[in-house]
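Dear colleague,

Please find the structure below, handed over for your records.

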Amino acid sequence: MPAAGTLAQYVDYAPAAADAGVHELFVDCGQTGASLAERVDLAGRFIEGVRRG
């Protein structure tokens, strides 16, 4: 699991983790200086990126 990276890197990591047998991921969007609205947007973009594949 990467300790830091871009949103695109995390989106790419999710299917690789699934292929390796991982069944759950925890992504903490609260570890930034971003506002709550920005963190919610980031989480939404992560989910949409993973869904797109």
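The side chains of Arg51 and Glu48 meet in a salt bridge, with 3.3 Å from N to O; the term denotes a side-chain nitrogen of Lys or Arg within 4 Å of a carboxyl oxygen of Asp or Glu. This is a predicted model, in which local features need pLDDT of at least 70 and side-chain atom pairs count only at pLDDT 80 or more, while totals for chains, interfaces and linings use all residues. Residues are numbered from 1 along each chain as its sequence is written, and side-chain values use heavy atoms, with hydrogens and water left out.

Arg51 and Glu48 both belong to helix H2, three residues apart, or about one turn of the helix. Helices (H or I, at least four residues) are DSSP runs numbered from the N terminus. Arg51 counts as exposed at 65% relative accessibility, whereas Glu48 is partly exposed at 37%. Here buried means under 20% relative accessible area, exposed over 50%, and partly exposed in between (1.4 Å probe, protein chains only).

By the salt-bridge rule, the count comes to two. The other pair is Arg45 with Asp41, whose closest N and O atoms are 3.0 Å apart. Both residues lie in helix H2 (residues 36–52), four residues apart, about one turn of the helix. Arg45 is partly exposed, with a relative accessible area of 42%, and Asp41 is likewise partly exposed, at 43%.

Leu36 is also placed in helix H2 and is exposed, at 59% relative accessibility. Its C-alpha atom is separated by 18 Å from that of Glu48, 12 residues away along the chain.

With kind regards

Conventions:
Helix = DSSP H or I, 4+ residues; strand = E, 2+ residues; numbered from the N terminus.
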